Amino acid sequence: MKLYYSPGACSLSPHIVLREGGFKFDMEQVDLKEKKTKSGADFTGVNPKGQVPTLVLDDGKVLTEGPAIVQYLADQKPASGLAPAAGSFDRYRVQEWLNFITSELHKGFTPLFRPNTPEDYKPIARDNLAAKFAVLDKHLAKNQFLMGETFSVADAYAFTVLNWSNFQNIDMAKWPNVKAYMGRVGARPKVQEALKAEGLVK
């Protein structure tokens, strides 16, 4: 398999899952502005959306969208425990978290990264995110991970998106349970491997 990624982008989520699941995989970096891979190829020829993450399977099939990719990977290695069994109630709970992260957190950060976002809108975007962080903080007061005591694909995605607070000077100390959670997930050996591979930590 090959993962197309951009350092620190939402592609870090399936990158973490690939390592946590013990998969053999290749990686290719993408310049998202130029839509070119590091080898110089036109990335839109791989994924017409021009976005990461993009996973090319051994048989040539292409899978896009982070929440779909991480569930696919978890289902290839059910013994990993990265996602509950398909059809179980807990599986829908993981999907609930993945949807919350993608629609509320991920999209909540987007205006802060866009150069064309009006400056007077950015405080509103930050306030919207703060409300979502408060929801997470309350949940994490009683849980080690989003699904309780077990690390799942939802945590890989949540960690990836919450990590963007470092690039936006958002002090997570206001949400101590979220901050502690970030420390727990970030200390996992496979998470550290992924961060190092993307040049995000030394």
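## Largest pocket

The lining of the largest pocket is made up of 13 nonpolar, eleven polar and seven charged residues (Ala, Val, Leu, Ile, Met, Phe, Trp, Tyr, Cys and Pro count as nonpolar, Asp, Glu, Lys and Arg as charged, and the others, Gly among them, as polar). The model is predicted: local features need pLDDT of at least 70 and side-chain atom pairs count only at pLDDT 80 or more, while totals for chains, interfaces and linings use all residues. Residues are numbered from 1 along each chain as its sequence is written, and side-chain values use heavy atoms, with hydrogens and water left out.

The largest pocket holds about 990 Å³ of space. Of its 31 lining residues, A9, C10, L32, H106 and W164 are the closest to the centre. A pocket here is an open set of points on a 1 Å grid over the protein atoms alone, where a 1.4 Å probe fits, with protein on both sides within 12 Å along at least five of seven lines; lining residues have an atom within 4 Å of a point. Grid points are joined across faces, edges and corners, and the volume is the space filled by probe spheres set on the points.

Strand 2 (26–31), helix 2 (66–76) and helix 3 (89–113) each give at least two residues to this lining, and helix 3 has the largest share, five residues. Helices (H or I, at least four residues) and strands (E, at least two) are DSSP runs, numbered from the N terminus.

## Packing around helix 3

Helix 2 and helix 3 pack at about 150°, their axes 10 Å apart. Axes are lines fitted to C-alpha atoms, for helices over the stretch in contact, and angles run from 0 to 180 degrees between N-to-C directions. The two helices, helix 2 and helix 3, are therefore roughly antiparallel (over 145 degrees; under 35 counts as roughly parallel). In this pair, P67, V70, Q71 and D75 of helix 2 meet R91, Q95, L98 and T102 of helix 3 (heavy atoms within 4.5 Å). That contact has three nonpolar, three polar and two charged residues.

Helix 5 (residues 153–162) packs against helix 3 at about 10°, with axes 9 Å apart, and helix 3 and helix 5 are therefore roughly parallel. Residues of helix 3 in this contact include W97, L98 and H106, and those of helix 5 include Y157 and L162. The contact of helix 3 with helix 5 has twelve nonpolar, two polar and no charged residues.

## Backbone exceptions

Most residues other than glycine have a negative phi, and most peptide bonds are trans. The bond from V52 to P53 is cis, with omega near 0°; P53 is in the loop between strand 3 (36–37) and strand 4 (54–56). E65, a residue other than glycine, has a positive phi near 75° and sits in the loop between strand 5 (62–64) and helix 2.

Key
Angles under 35 degrees count as roughly parallel, over 145 as roughly antiparallel, 65 to 115 as roughly perpendicular and the rest as oblique.
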